[in-house]
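Reader: Please go through this model with me, beginning with the aromatic rings. How are ring pairs defined here?

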Amino acid sequence: MKKILLLAAVAFGAISASAQAIEQPKFFDNWSIGVDGGVTTPMKGQAFFGSMRGVWGLHIQKQVTPAFAVGVEGRLTVNTSKWEMINTPSKTAFDDQYIGAYGAVNLFNLFGGYNGELRPFDIEAVAGAGWLHNYVNASAGKDMNDFGTKAGLNFNFNVNDNVTVSVKPSVIWNMTGNTIALTNAGYDIHKAAFNLEAGLTYRLGGYKFDIVNPYNQAEIDALN
């Protein structure tokens with residue numbers, strides 16, 4: 001009899017573990033806002049370190065599941081017009097902008113599973129697309145608009161459920177301002193910029209993905 005009860009308890013535990021699910025958060029849960037700052041430099045055609053300029057940004061993100069998030073971001077760079085227009089650089093200090101949407105995949109939660117709480121450290125793969133705009137003064141010509149894409153990684157140090165500090169290497173490509181022949185859009189390393197930024201993110205209301213055990217009353221009755 002004791003063996004039967006022990007086997008029943010083990011079976012019940014296995015059923016409970018396999019039946020674990022993440023409680024669906026509310027729409028206004030798991031939103032965050034953050035600021036970013038760092039440097040940007042051309043990938044090709046200019047001195048890598050000598051051409052570095054400052055970059056500043058803002059992002060708003062919604063964590064949809066523990067493994068996937070979506071967001072929007074905006075960034076401004078300082079004096080990057082000198083990369084292209086050495087003789088007539090823009091008179092505007094912030095002379096280049098990128099505004100776009102992105103998706104982020106938490107690699108630890110995707111491949112390692114979610115254990116019910118925020119890890120002290122995790123890595124996100126990020127990809128997005130958006131609007132590139134160059135501010136040009138009147139003597140140099142008209143402002144320029146292009147389509148841009150972005151790919152990068154976020155190395156996240158989660159201080160607590162509300163605060164995360166990140167290191168963010170990424171590359172942004174100018175897809176339509178390139179020199180690739182016979183196409184209107186393409187990846188050209190000469191029209192790409194490498195970015196290294198640090199980010200500070202604050203989660204509004206904390207991190208809410210609770211694991212629950214949806215018990216089946218029929219199974220409980222059978223075990224009893």
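Author: Rings of Phe, Tyr and Trp (its six-membered ring) pair if their centres lie within 6.5 Å, and planes under 30 degrees apart are stacked, over 60 edge-to-face and the rest tilted. The model is predicted, so local features need pLDDT of at least 70 and side-chain atom pairs 80 or more, while totals for chains, interfaces and linings use all residues. Numbering starts from 1 along each chain as its sequence is written, and side-chain values use heavy atoms, without hydrogens and water.

Reader: How many aromatic pairs does the structure hold?

Author: The structure holds nine aromatic pairs. In one of them, F27 and F28, the ring centres are 5.1 Å apart and the planes stand at 85°, so this pair is edge-to-face. F27 and F28 are both exposed, meaning over 50% relative accessible area, with buried under 20% and partly exposed in between (1.4 Å probe, protein chains only).

Reader: What about F121 and F157?

Author: The ring centres of F121 and F157 are 5.1 Å apart too, with planes at 45°, so that pair is tilted. Because F121 lies in strand β6 and F157 in strand β7, the pair ties together parts 36 residues apart in sequence. F121 is partly exposed at 29% relative accessible area, and F157 is partly exposed at 43%.

Reader: And which residues form a cluster through ring pairs?

Author: F27, F28 and W31 are linked into a cluster by ring pairs.

Reader: Stepping back, how many helices and strands are there?

Author: The chain has three helices and ten strands. Helices (H or I, at least four residues) and strands (E, at least two) are DSSP runs, numbered from the N terminus. Read from that terminus, the order of elements is α-β-β-β-β-β-α-β-β-β-β-β-α. The chain has 224 residues, of which 37% are buried. With contact taken as heavy atoms within 4.5 Å, 61% of the contacts between residues at least 6 apart in sequence join residues at least 24 apart.

Reader: Now the cavities. How many does the search find?

Author: Over the whole structure, three cavities of 30 Å³ or more are found. A cavity is a set of points on a 1 Å grid over the protein atoms alone where a 1.4 Å probe fits but cannot get out, and lining residues have an atom within 4 Å of a point. Points are joined across faces, edges and corners, and the volume is the space filled by probe spheres set on them.

Reader: What is the space in the largest one, and which residues are closest to its centre?

Author: The largest cavity holds about 250 Å³ of space. It is lined by 22 residues, and Q61, Q63, E124, N156 and R203 are the closest to its centre. At least two lining residues come from each of β2 (31-42), β3 (53-65), β6 (121-134), β7 (144-158), β8 (163-174) and β9 (192-204). The largest share, four residues, is supplied by β3. By type, the lining has four nonpolar, 13 polar and five charged residues, where Ala, Val, Leu, Ile, Met, Phe, Trp, Tyr, Cys and Pro count as nonpolar, Asp, Glu, Lys and Arg as charged, and the others, Gly among them, as polar.

Reader: And how much space is in the second largest cavity?

Author: The second largest cavity contains about 190 Å³ of space. Among its 18 lining residues, D36, E73, K150, N154 and K168 are the closest to the centre. Strands β3, β4 (68-78), β7 and β8 each give at least two residues to this lining. The lining divides into five nonpolar, seven polar and six charged residues.

Reader: I keep looking at H59. Is it buried or exposed?

Author: H59 is buried, with 4% relative accessible area, and has its place in strand β3. Its side chain makes a polar contact of 2.9 Å with the side chain of D36. Such a contact is a pair of N or O atoms within 3.5 Å; within protein, one must be able to donate a hydrogen and the other to accept it, and residues adjacent in sequence count only if both atoms are side-chain atoms. Leaving out residues up to four places away in sequence, H59 touches S32, I33, G34, V35, D36, V72, E73, Y102, K168 and T201.

Reader: Finally, the backbone. What is the phi of N30, and where does N30 lie?

Author: N30 has a positive phi of about 65°, although it is not a glycine. N30 sits in the loop between β1 (21-22) and β2 and is buried, with a relative accessible area of 5%.

Reader: And what is the phi of N79?

Author: The phi of N79 is near 60°, again positive in a residue other than glycine. N79 belongs to the loop between β4 and β5 (94-106), and N79 is partly exposed at 28% relative accessible area.

Terms used:
1 Å grid on protein atoms, 1.4 Å probe; cavity = no way out; pocket = protein on both sides within 12 Å on 5 of 7 lines; lining within 4 Å.
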